[in-house]
Amino acid sequence: MATVNEKEARRLMQQLLDGELQGVEAAQARVLVEAHPELAAELNAHQALQQALSGLRGADPAAGFEDRLLQRIAAEPPGLGERVLATLRRMLMPVTLATAAAAAVMLTVGAPNTSSTMARDVAAAGLLQRSAPTPVTLRLRASDAQWGAIRAALNGAGLVAPELPARQGAVWSAELNGTTEQLNAAVNALGAQLPVEVQGSVPTTGDAPVRVRVVLTGM
């Protein structure tokens with residue numbers, strides 16, 4: 001698959017985050033974005049936040065919190081503010097205490113005048129982030145014909161892999177759940193067979209939960 005420059009990859013990342021691409025288009029766009037390690041990490045971070053927020057239970061926010069949060073977003077640089085605001089409007093209205101706090105982490109770190117209410121909300125978000133699986137992508141230079149050997153290596157490391165990867169256009173991929181220890185074992189086993197590229201920040205704690213996306217990039 002052809003590559004794109006960083007500017008075009010960032011545009012595709014924005015479309016993925018906004019939900020403008022689906023199915024084959026989304027899968028192909030993700031492969032192009034993940035060719036740029038910094039953008040891949042940013043995409044994974046945003047999508048991990050979205051996943052964590054979508055599963056939260058509702059709670060009443062502190063008085064005026066929604067207005068304060070939206071004001072802070074409006075004051076941020078366009079790229080960050082627009083992405084977070086789009087996420088909030090699409091997923092989080094009415095804003096709950098915990099969900100708004102998780103988004104507010106991105107806006108309040110380093111702010112000297114953060115109110116005590118905002119600080120309390122951000123502390124709650126820290127608990128949420130520590131419990132959410134860390135997204136990591138394994139890009140393998142392999143074809144779907146090699147999936148049997150790849151699956152055996154993944155299963156041997158403790159990552160339960162499907163019988164066949166999912167196909168979206170020219171892209172083959174699989175989503176797995178496990179721990180950092182299992183991920184590292186899988187990387188070592190796969191690395192003995194074929195080139196492996198790890199994208200994303202791998203936790204240092206062995207039992208930390210991770211969500212692993214295995215992508216076959218072809219030969």
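Select Arg-139 and Glu-34: their side chains meet in a salt bridge, 3.7 Å from N to O. This pair links distant parts of the chain, with Arg-139 in strand S1 and Glu-34 in helix H2, 105 residues apart. Both residues are buried. Keep in mind that the model is predicted.

Next, pick Glu-175 and Arg-213. Their salt bridge has its closest N and O atoms 3.4 Å apart. Glu-175 is in strand S3 and Arg-213 in strand S5, so the bridge ties together parts 38 residues apart in sequence. Arg-213 is buried, at 7% relative accessible area.

Now show Arg-30, Glu-34, Arg-139, Glu-175, Glu-197 and Arg-213 together: salt bridges link them in a network. The structure holds 7 salt bridges.

Switch to the largest nonpolar core, which has 22 residues. Leu-140, Trp-147, Ile-150, Leu-154, Val-212 and Val-214 touch the most other members. Strand S1, H8, strand S3, helix H9 and strand S5 each supply at least two of its residues. Centre on Leu-154: beyond its neighbours within four places in sequence, its contacts include Trp-147, Leu-176, Leu-190 and Val-214. Then find a second, separate core of 12 residues, with Leu-21, Ala-29, Leu-32 and Leu-43 among them.

Finally, colour by pLDDT. The protein averages 74. Among its elements, helix H8 has the highest mean pLDDT (94) and helix H7 (residues 116-131) the lowest (46). Over residues 105-130 the pLDDT is below 50.

Terms used
Residues are numbered from 1 along each chain as its sequence is written. This is a predicted model: local features need pLDDT of at least 70, side-chain atom pairs count only at pLDDT 80 or more; totals for chains, interfaces and linings use all residues. Side-chain values use heavy atoms; hydrogens and water are left out. pLDDT is the predictor's confidence in each residue, from 0 to 100. Helices (H or I, at least four residues) and strands (E, at least two) are DSSP runs, numbered from the N terminus. Contact means heavy atoms within 4.5 Å. A nonpolar core is a set of buried Ala, Val, Leu, Ile, Met, Phe, Trp, Tyr and Cys residues joined through side-chain atoms within 4.5 Å. Buried means under 20% relative accessible area, exposed over 50%, partly exposed in between (1.4 Å probe, protein chains only). A salt bridge is a side-chain nitrogen of Lys or Arg within 4 Å of a carboxyl oxygen of Asp or Glu.
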